[in-house]
Amino acid sequence: MIPRPLPRVAAFEKLAFGMFVHWGLYSQLGRGEWVQHFEKIPRDDYLKLMETFTAEDFDGRTLARVAKRAGMKYVTMTSRHHEGFSLYDTRGLSKLDVTHTPCGRDLVEDFVEGCRTEGIVPMLYCTTLDWNDVRFKDDWGAYLKYLRDSIEILCTRYGPIGGFWFDGNWSRPDANWQESELYETIRRYQPDTMIINNTGVDARGRAGHVEIDCVTFERGRAEPLQQEDAPKFLAAEMCHTMNYHWGRAHHDFNHLSPANVIEELCLARRAGANLLLNVGPMAEGGLPEYEAAALARAGEWIDLHGGSEGVIYAGTPCGVQGSGEDFGLATSDALYLFVTNITPTSDTRYVPGLQGTGPRVFDGIRQTVGSAVWLDDGTPVEWGQDPETERLTITVPEYPYGSNTVVRVAKLN
Ligand code: GLC
């Protein structure tokens with residue numbers, strides 16, 4: 001039997017699309033969030049970045065608005081990354097926090113309030129490894145207590161948080177991380193929050209401690225989870241970044257296009273997973289223009305396909321399979337077929353490997369279809385159904401002149 005999802009897990013799945021935000025001292029250097037580690041920058045030199053951390057352009061509400069415009073329903077921001085610097089007031093637990101910089105405000109507070117004002121669910125990324133806190137190397141027990149005490153602050157000072165997203169246990173796979181104690185601390189104060197602990201690129205989709213509510217697929221392709229007889233129903237989340245770094249990298253031009261964002265979102269939903277897509281704010285906390293603009297463009301695609309209550313959020317995998325990357329999602333009242341790789345026949349460029357126009361076959365459709373329309377423009381879809389084989393064939397036309405929606409969705413009733 002497949003276990004029933006807990007209400008928080010079911011609610012999280014409906015959020016569908018979230019923004020990941022990696023911001024810290026490293027953003028000032030603009031060479032990615034691992035810069036201290038890869039360039040072996042000595043601790044004291046690196047921590048000088050605290051003297052110039054002003055957060056002048058950071059505004060939680062602006063960030064939440066960018067997310068909302070993109071159709072994202074939650075934002076997961078780094079409260080502290082591997083460099084060990086906290087964007088919140090650690091109340092004396094560590095000197096490496098925002099209160100020891102010229103910024104002088106609690107950025108987690110600003111973030112959480114900005115999200116709430118805009119109706120966006122705030123979530124917090126928390127590193128479990130630390131390059132600059134000596135306790136991580138020298139006093140494991142004290143370090144884990146510091147970690148728990150930090151989480152207690154995050155759980156008690158900022159109101160309800162949608163989720164806690166841990167990352168770093170992969171750095172010491174054999175250590176005793178005392179996960180039960182950590183998660184008990186969270187459940188004491190925030191019983192309804194999501195607990196996620198990133199399993200990293202080498203163990204995508206792996207379930208962990210029983211308190212964990214969701215598996216991760218860092219920079220991968222989400223796969224449907226095998227939930228038969230599982231101890232608990234788990235959500236899934238694919239995290240990906242707009243280019244090749246999570247923290248701002250001035251010279252990384254390898255950005256996703258709006259088309260890529262649309263595809264990534266659809267392919268995550270195909271497996272029933274959320275997409276958590278990362279942006280890397282600049283030194284002062286403002287978002288790079290391109291990243292905000294590309295997300296806004298993807299948001300327009302969502303608007304065209306049912307908007308914030310539409311199939312992207314409400315649709316779930318239903319065993320309907322197309323060829324290539326085509327797939328189906330069901331809502332309570334309709335079936336949606338997602339058609340990928342439609343070559344515009346009028347296109348003068350030749351793109352190999354595309355499936356083009358013409359018949360596309362979908363298997364596993366049990367209900368009798370009465371009508372079918374393209375969701376983007378409401379025009380009828382040509383279709384034929386074979387009740388014996390549960391096979392449905394639709395005819396995919398050329399994109400009408402004036403459009404190319406990357407992934408086209410047919411709505412079947
Ligand atoms: C990796 C990296 C890290 C990033 C995370 C996001 O584990 O260590 O920099 O925060 O992925 O998923």
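Hi everyone. A word on the model before we start: it is predicted, so local features need pLDDT of at least 70 and side-chain atom pairs count only at pLDDT 80 or more, while totals for chains, interfaces and linings use all residues. Residues are numbered from 1 along each chain as its sequence is written, and side-chain values use heavy atoms, with hydrogens and water left out.

Let's begin with the ligand.

Now the polar contacts, which are pairs of N or O atoms within 3.5 Å. The side chain of His-22 has an N or O atom 2.5 Å from an oxygen atom of the ligand. For Glu-218, a polar side-chain atom lies 2.8 Å from a ligand oxygen, and for Asp-167 the distance from a side-chain N or O atom to a ligand oxygen is 3.3 Å. The protein covers 95% of the 310 Å² of accessible area that the ligand has on its own, by the Shrake-Rupley method with a 1.4 Å probe.

Where does the ligand sit? In the largest pocket, meaning that more than half of its atoms lie within 2 Å of the pocket's grid points. On a 1 Å grid over the protein atoms alone, a pocket is an open set of points with protein on both sides within 12 Å along at least five of seven lines, a cavity is a set where a 1.4 Å probe fits but cannot get out, and lining residues have an atom within 4 Å of a point.

About 750 Å³ of space lies in this pocket, where volume is the space filled by probe spheres set on the points. Of its 34 lining residues, Asp-167, Trp-170, Asn-198, Thr-199 and Gly-200 are the closest to the centre.

What about the second largest pocket? Its volume is about 400 Å³, and Glu-13 and Phe-233 are among the residues nearest its centre.

Finally, the cavities: there are four of 30 Å³ or more. The largest has a volume of about 70 Å³, and its lining includes Trp-177 and Tyr-183.

Notes
Polar contact = N/O pair within 3.5 Å; in protein donor to acceptor, adjacent residues only side chain to side chain.
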